[in-house]
Amino acid sequence: MTLANPFRDDLRFERRVPECALVIFGATGDLNRRKLMPALYRLAYDRRLSAGFAVIGVSRTPMSDDQFREKMRDAVQHFSEDTEFSPEVWDAFARCLYYLPGDIGDADAYSRLAAKLAEIDKTHHTGGNVLFYLSTQPSQYAPAVRGLGGADLGQGSGWRRLVVEKPFGHDLASARALSEQLHHVFRESDVYRIDHYLGKETVQNILAFRFANGIFEPLWNRRYVNHVQITAAESIGVEGRGAYYQEAGALADMIQNHLLQVMATMAMEPSASFQADAVRDERSKLLRSIRPMKPGEILSNSVLGQYGPGRVGGAPVPGFHQEPGVEPQSRTETYAAVTFFIENWRWAGVPFYLRSGKRLPKRVSEIAIQFNAAPLAIFNGAAENTAPNLLIVRIQPEEGISLKFLSKRPGSGMNLRPVSMDFSYGSSFGERSPSAYETLLLDAMLGDATLYTRQDMVEASWAVVEPIQKAWRESNTDLPAYPAGSWGPPAADEMLARRGHVWRKP
């Protein structure tokens, strides 16, 4: 009798892409080349694609099917860092790749797309199922959806779904306007707003960590948690995207979507079931419980900054204003740190510190949960005897969880020192974790919206971020500068120090 390995999740490998066509608008862009196509190739490599699957790339560049396949082959070979390139797998996968040149603003392009989909349905037997992916500039979302509606492509003999990349608007009003435009063609249940942070294995594992274990959930509240820090740090700068980035900034680019979604996942109440709407209802409820700041609170509970010249990895790097495409007087933030409070019975009074920045010392994303100190210090000794207990969830680059606590040193006397218990995905499971886009693409084609953002979540996020944007925009103060390669402006340290806290250095 062979015993099943309890540490292997075979259920995940039973999920396969159903018969459908995937239409990617912006197929010659960076997102498709760097993320989408390598993810699809990996699904093919793992034999997760059905025979009735096809991809249609849509972009303005004139190109044949074979030329598109060759470009995608180059992209997969260059960007699939953890997957062996197999010519046999690629040849089979490439036979389901097609290309349609067309401009998003050209109504005739959608008629040609409809004809192409009908043709592919006959040859690949996709069952009339279509997933449209808007891998384009945000300004093209609404025109693309209008074009799909004009050609009656929002409905058909099978299901029709739409994936929209962030940002979802640039403020609350524009987010609502965008959703209204999407809903002219697609039902809300068929709109999948993608946030790739929610597709990361460790973010998903927060749910399992909390709700599949009886040991941690009783501590997950204001009685035991002192404060929470959520960090998303990047060592790179704007990397040639200065013109785009100065229209977005760290608040909109990272905190309004990624970090608030991570915070909601970490702090939400248990859902009644692991059904998509049940989980998303609890995330939405948490986001609506965040207390919007009053005008007089904002500048003391948020810090924005811009990186100046400095050194990263020992090499000199330019400041934000010296980057190509950035206006010399730009007031766009490359760093943002915000203190949020959740007004519910579980978290009332617990500060949640969120920060994200470019040109910081290292690339790292993590959640650090600091617990309250023991009520009585019975061991005399050095200050390290009072080091706080920390639970650290590492999102990237090395996915895992660490629990830091105090232990007695070997030898005589009750001398304590901090120690750590570590869980690492790589060493514990001995297999690669799927990329976020592998998970999210598969979920969208299966109709599983658990890890996707719903419109009410988008609106709740903008409701707490928009006042911060407005207050800083209307203030006459210059954004604090921080040298590239540092952990941000000193004002961010002062924001925590006022409550007796310090930023953790990952």
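Colleague: Why does Gln256 count as buried?

Modeller: In this predicted model, Gln256 has a relative accessibility of 2%. Buried means under 20%, so Gln256 counts as buried. The residue lies in helix α10, residues 250-267.

Colleague: Which residues is Gln256 in contact with, leaving aside its neighbours within four places in sequence?

Modeller: Gln256 is in contact with Leu251, Val458, Ser461, Trp462 and Val465. Contact means heavy atoms within 4.5 Å.

Colleague: Why is Phe379 called partly exposed?

Modeller: The relative accessible area of Phe379 is 38%. Buried is under 20% and exposed is over 50%, with partly exposed in between, so Phe379 is partly exposed. Phe379 is found in the loop between β13 (364-371) and β14 (390-396).

Colleague: Which residues form a nonpolar patch on the surface with Phe379?

Modeller: Leu376, Ile378 and Met414 form the patch with Phe379. Together the four have about 420 Å² of accessible area.

Colleague: Why do β3 and β6 stand at the edges of their sheet?

Modeller: The sheet is open, its six strands run in the order β3-β2-β1-β4-β5-β6, and the pairing is parallel. β3 (97-101) and β6 (191-193) each have a single partner strand, so one side of each is left without a neighbour in the sheet. From one strand to the next, the twist averages 20°.

Colleague: How do you know that β5 and β6 pair?

Modeller: Pairing needs at least two bridges, and β5 (residues 160-164) and β6 have three, in the parallel sense. In β6, Tyr192 is the bridge partner of Val163.

Conventions. Residues numbered from 1 in each chain as written. Predicted model: local features only at pLDDT ≥ 70, side-chain atom pairs only at ≥ 80, totals over all residues. Heavy atoms only, no water. Patch = residues over 30% accessible without salt bridge, like charges linked within 9 Å, V, L, I, M, F, W, Y side chains within 5 Å. Areas by Shrake-Rupley, 256 points an atom, 1.4 Å probe, with all protein chains shown as cover. Salt bridge = Lys/Arg side-chain N within 4 Å of Asp/Glu carboxyl O. Helix = DSSP H or I, 4+ residues; strand = E, 2+ residues; numbered from the N terminus. Buried < 20%, exposed > 50% of the residue type's maximum accessible area, 1.4 Å probe, protein only. Axes fitted to C-alpha atoms, helices over the stretch in contact; angles between N-to-C directions.
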